[in-house]
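Please go through this model with a focus on its sheet, its helices and its aromatic side chains. A short report is wanted.

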Amino acid sequence: MRKIYILLVMLVCFSFARAQSEVSQDILDAFSENAPGVITANLNDNVELVINNYNDVFSRQQSTVIINDFFRKNRVSSFQVMHTGNKESAAFAICTMKSGKDSYRVYILTRKSGSKQFIQQLRIEPSYE
């Protein structure tokens, strides 16, 4: 009986640790709900952005302007998570997003600092599928 109890405790701890290292559901929901304010609230101090003609490392303030502009011009009609993964304090999600006739591939890389996840890299690129 004691072995089963220990096994259950280990399983629960492992599941909790894994869930903590995936990209936050709040961040993913912000894309499908067209809520750039939630996305920008979770940006790291410096963010690698690839959106439209922007492809560089930007400050949080610069990134906020770029992201808000993108979502103002591209209203999200669907958002789907295709793949997620993690390693140590980093997590990523690869997603597809539709806006009107346009389709995008979205890549989100987060790093955990303390109990909060910060977006370190965000790529929103046209998808030709």
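The report covers the sheet, then the helices, then the aromatic pairs.

This is a predicted model, in which local features need pLDDT of at least 70, side-chain atom pairs count only at pLDDT 80 or more, and totals for chains, interfaces and linings use all residues. Residues are numbered from 1 along each chain as its sequence is written, and side-chain values use heavy atoms, with hydrogens and water left out.

**The sheet**

Six strands make an open sheet with mixed pairing: 6 strands in the order β2-β1-β6-β5-β4-β3. Strands (E, at least two residues) and helices (H or I, at least four residues) are DSSP runs, numbered from the N terminus. Two strands pair if DSSP finds at least two bridges between them. Strands of a sheet pair through backbone hydrogen bonds, either parallel or antiparallel.

The edges are β2 (54–59) and β3 (78–87). Each has a single partner strand, so one side of each is left without a neighbour in the sheet. From one strand to the next, the twist averages 15°. Axes here are lines fitted to C-alpha atoms, for helices over the stretch in contact, and angles run from 0 to 180 degrees between N-to-C directions.

| Strands | Sense | Bridges | Facing residues |
|---|---|---|---|
| β1 and β6 | parallel | 5 bridges | Val50 and Arg123 |
| β5 and β6 | antiparallel | 10 bridges | Leu109 and Gln121 |

β5 and β6 also form a hairpin, with 2 residues between them. Gly114 sits in that turn and has a positive phi of about 70°.

Contact means heavy atoms within 4.5 Å.

Helix α4 lies across β1 (43–51), β2, β4, β5 and β6. α4 runs at about 45° to β1. How does its length compare with expectation? At 1.5 Å a residue, the 14 residues of α4 should span 20 Å, and its end C-alpha atoms are 20 Å apart, which agrees. The expected span is 1.5 Å times one less than the number of residues.

Burial in α4 has a clear side. Ser63, Ile66, Ile67, Phe70 and Phe71 are buried. Buried means under 20% relative accessible area, exposed over 50%, and partly exposed in between (1.4 Å probe, protein chains only). Seen down the axis of α4, the buried residues fall within an arc of 125°, so they line one face of the helix. That arc is taken from the directions from the helix axis to the C-beta atoms. On the other side of α4, Gln61, Val65, Arg72 and Lys73 are exposed.

**Aromatic pairs**

Rings of Phe, Tyr and Trp (its six-membered ring) pair if their centres lie within 6.5 Å; planes under 30 degrees apart count as stacked, over 60 as edge-to-face and the rest as tilted. The count comes to 6 aromatic pairs.

Tyr54 and Phe58 form an edge-to-face pair, 6.1 Å centre to centre, with 80° between the planes. Tyr54 is partly exposed at 38%, while Phe58 is buried at 13%.

Phe70 and Tyr104 are also edge-to-face, at 5.4 Å centre to centre and 80° between the planes. This pair links distant parts of the chain: Phe70 is in helix α4 (residues 60–73) and Tyr104 in strand β5 (residues 102–113), 34 residues apart. Phe70 is buried at 1%, and Tyr104 is buried at 7%. Phe31, Phe70, Phe71, Phe79 and Tyr104 form one aromatic cluster.
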